[in-house]
Amino acid sequence: MIYAENILLCITIPLLISLLFVQGSVRRFIAAFLVGMGVCLLSAYISGFLSMATMMGENDTAIYISPIVEELMKLLPVLFCLAVFDPSEQGLDFVAVAVGAGFATFENCCYILTSGAEKLVYTMIRGLSVGVMHIVSIFALAFWLAVAKRLGALTFPSVVGALSLSMIFHALYNLLVSAPGVSSVIGYLMPIATALVLALIYRKLGKKLETAKKT
Amino acid sequence: MTVNTITVGVAILQFAVLLVVCALSIRFILYKCRSLQVVFFTFAIASALLSNIYWVTYDILIPDKRMPFAANEIAEWATLLLYGSSLMSASGIRTASAKLHMFLSALLVAANTVLWIAWSGEWIQDILTGLSMGYFFCCLVYVLKQTEALNRAEWTLTAFACFGATAVQAVSFFVPGETVAVLDIISFSLIFSCILYFFIRMVAMYIRKAEQDRRHYISFLAYSLSQLTMYMSSDSFYTIALISFTLCFPLMFYTIIKENEPA
């Protein structure tokens, strides 16, 4: 058993203090990062409760419940930012990536404290798979929302569509790594491969949509 | 070859179809037209593709376990809601009243939701699916009425097939096992005949090069009927419905781009 709240406090306090000395985009990034860590803790509470309520095992909870809960919780700060601050597309991506990074960092901290960090290979796999997966899923969600906003289609169904994108990506990862053999290797490689593809699409599609907007 | 293997094969084919349709829709938005109708349709196809990817992966990795509530349900709800938005964003004068038709479509979805709950026992999941499907059906019926895409006989045929199939499926809860197979044949023959009729009608419209905008709504109707059948069937009937459902994606795409193609 680990005391997740204590770990959160321990990581949060220096970051909170640093907010007093930084400004602009760095401050926004740190604030969103902290929100991401908080959201991770809340997701763990909700997933734990649902796991008990539905009497699912640890593996089934990871495959079916966690992706839905975690992505829904990550969506909330992004939606709040979109509704209240009306950020630019870059601003929205920035917040989303920070929330994802905060979430992944806190989850990795708890995982390492639970399972140990003796083996460098496992910790590297963990960092390169789950760490990247949380950033990619929330970035893809923010990208969908940004495209919907630019095309004048930012409605409730579009938000559900964006949420389904991040949830399926997360659920697919959990599903693939839950089975041994080739599927788990594919699962571990999926986040980093998707990150590269997404970066390419982001640049190309961004330019194309910008051109279309001007014309 | 078992029915399950064929179903997975059709699902993989559906993946390929959805991938192509999704890529072509994005291309259409980037280079030709950015109407809301096409944008929502593209989002819907993307959601359907995501749901399909998860479902196929699940079926390959865990073939013997029935999938509980999972992330692909959210993608299915999103697909239905986005199709509804796509239909409602189509331009046109709206004068005719469609209250009765919308009420009947909501009633049909409600009756089907009760059947899903009775079959699976998954209350929350089925109610939420029913709500999103109800929204889609109401939007579809509304635009079909506004555009007068169906004549009186066709409305009657659709209502008879849908309510008839649902009623026969409801009766199958109270009869012995051997009779259920007969009732299945009756109910699915009824609804498949209706779907086939609309497929033929679309081909006829295509050959005559007539009623371009109405063709689009008829393709959505065939899609919705196929989905309704999929949700109430199993085994070979499910596979047939899945094939018909898969055929609807390129048809919907083709008719929607024809309607939105710049002059």
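So, let's start in the middle: the largest nonpolar core has 127 residues, and the ones touching the most other members are A:Leu145, B:Phe41, B:Tyr54, B:Tyr83 and B:Phe249. By nonpolar core I mean buried Ala, Val, Leu, Ile, Met, Phe, Trp, Tyr and Cys residues joined through side-chain atoms within 4.5 Å; buried is under 20% relative accessible area, with a 1.4 Å probe and protein chains only. Another core lies apart from that one, with 18 residues, including A:Leu41 and A:Phe103.

Quick housekeeping. This is a predicted model, where local features need pLDDT of at least 70 and side-chain atom pairs count only at pLDDT 80 or more, while totals for chains, interfaces and linings use all residues. Residues are numbered from 1 along each chain as its sequence is written, chains are lettered from A and ligands numbered from 1 in the order written, and side-chain values use heavy atoms, leaving out hydrogens and water.

Now, helix H6 of chain B, residues 152-171. Helices here are DSSP runs of H or I, at least four residues, numbered from the N terminus. At its N-terminal end, B:Asn151 is the cap, with a side-chain oxygen 3.2 Å from the backbone nitrogen of B:Ala153. The buried residues of H6(B) pack against helices H4, H5, H7 and H8 of chain B.

Which residue does the side chain of B:Gln169 make a polar contact with? That's B:Ser187, side chain to side chain, at 2.8 Å. A polar contact is a pair of N or O atoms within 3.5 Å, one able to donate a hydrogen and the other to accept it within protein; residues adjacent in sequence count only if both atoms are side-chain atoms. And B:Gln169 is buried, at 4% relative accessible area.

Key
Buried < 20%, exposed > 50% of the residue type's maximum accessible area, 1.4 Å probe, protein only. Helix = DSSP H or I, 4+ residues; strand = E, 2+ residues; numbered from the N terminus. Contact = heavy atoms within 4.5 Å.
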